[in-house]
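Thanks, everyone. I will go through the contacts between the chains and then the charged pairs.

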Amino acid sequence: MKALFDKTIHLLSNMVDYRAKRHMVVVSNITNIDTVGYKPSELTFRNEFEKAGKLAMTTTNPRHIPPSPNSEGSLDYEIKTSDEPVKIDTEMANLAENNLMYNTTVEMLARKFRGLETVLKETK
Amino acid sequence: MDFSTTFKICGAGLAAARARLDVVTSNLANVNTTKTEDGGPYKKKSVSLTSEPIEGKFNSVMADALKSVKVEAVTEDANAVKMTYEPGHPDANADGFVATPDINLMMEMANMITASRSFEANVTAFDATKNMALKTLEMGR
């Protein structure tokens with residue numbers, strides 16, 4: 001199983017999960033735009049996103065720089081609540097950005113699966 | 001992640017925006033109403049919204065952040081009455097003054113626009129959710 005469904009799929013599905021959750025948080029903010037006293041939330045990664053988001057590259061030469069040890073960190077989310085009222089333009093931008101990123105990630109996953117399918121088909 | 005929860009949140013937002021629009025429309029329609037069933041002129045109404053936690057199986061982190069919206073109350077402003085001098089009016093008192101609703105048309109129009117904008121924002125959010133759901137289905141193709 002590990003040979004077929006490798007780190008990339010694992011990382012991408014984590015990413016889809018994050019985007020989906022973030023979408024819910026953004027939608028919740030947009031819905032409560034007129035609610036007096038509502039504090040908008042933002043979903044962020046708890047550990048360093050940069051490290052968790054990067055896949056380690058294989059080192060085939062001793063002179064290659066080794067990947068950072070934390071390259072497969074689990075995606076741990078954190079909610080940050082702001083005391084300022086909801087800013088509709090920021091939230092709409094977040095919505096659009098998140099929507100695009102979600103679609104991109106799903107597309108990448110789909111292509112990964114299609115790649116696997118091609119391999120399975122062609123070796124028959 | 002279930003998209004139905006997101007759809008529900010969007011739906012609540014749409015309903016809240018529509019409730020605001022309804023009340024604004026009612027205020028605008030009754031800007032000159034001097035007689036109501038309860039007696040006296042029409043009283044200006046306003047909507048207050050409140051956020052509401054969503055029932056669902058989320059972990060505690062998400063449960064704090066996800067809030068739906070609902071109409072808490074529609075309040076009447078009993079003081080929003082102004083006396084205008086109109087001796088020929090059937091509802092005029094002995095001095096010739098009529099109690100009319102004190103509704104600021106500009107405020108109502110501004111409220112209408114903000115309500116309609118938040119409605120649009122919710123529609124956009126709904127649309128985005130729908131796109132995401134469809135995109136997810138595409139993954140299996």
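Between chain B and chain A there are 2 salt bridges, a salt bridge being a side-chain nitrogen of Lys or Arg within 4 Å of a carboxyl oxygen of Asp or Glu. One salt bridge pairs A:Asp34 with B:Arg20, with 2.7 Å between the closest N and O atoms. This is a predicted model, in which local features need pLDDT of at least 70 and side-chain atom pairs count only at pLDDT 80 or more, while totals for chains, interfaces and linings use all residues. Residues are numbered from 1 along each chain as its sequence is written, chains are lettered from A and ligands numbered from 1 in the order in which they are written, and side-chain values use heavy atoms, with hydrogens and water left out.

Now the interface as a whole. In contact (heavy atoms within 4.5 Å) are 34 residues of chain B and 32 residues of chain A. The buried area is about 2700 Å², 71% of it from carbon and sulfur atoms; that is the accessible area, with a 1.4 Å probe, that two parts lose on being put together, summed over both. Of the area that chain B buries against chain A, 23% comes from B:Met132, B:Lys135 and B:Met139, more than from any other three residues.

On to chain B itself. Chain B has 3 helices and 4 strands, taken as DSSP runs numbered from the N terminus, helices being H or I with at least four residues and strands E with at least two. Their order along the sequence is α-β-α-β-β-β-α. The radius of gyration of chain B is 22 Å, well over the 14 Å from the globule rule for 141 residues, so chain B is more spread out than a compact globule. That radius is taken over C-alpha atoms, and the rule is 2.2 Å times the number of residues to the power 0.38.

Back to the charged pairs. Over all chains, the whole structure has 17 salt bridges. Within chain A, A:Arg19 pairs with A:Glu97 at 3.7 Å between the closest N and O atoms. A:Arg19 lies in helix H1 and A:Glu97 in helix H3 of chain A, 78 residues apart. Is A:Arg19 buried or exposed? A:Arg19 is buried, at 7% relative accessibility, whereas A:Glu97 is partly exposed at 38%; buried means under 20% relative accessible area, exposed over 50%, and partly exposed in between (1.4 Å probe, protein chains only).

In chain B, B:Glu120 and B:Arg117 form a salt bridge at 3.3 Å. They are 3 residues apart in helix H3 of chain B, about one helical turn.
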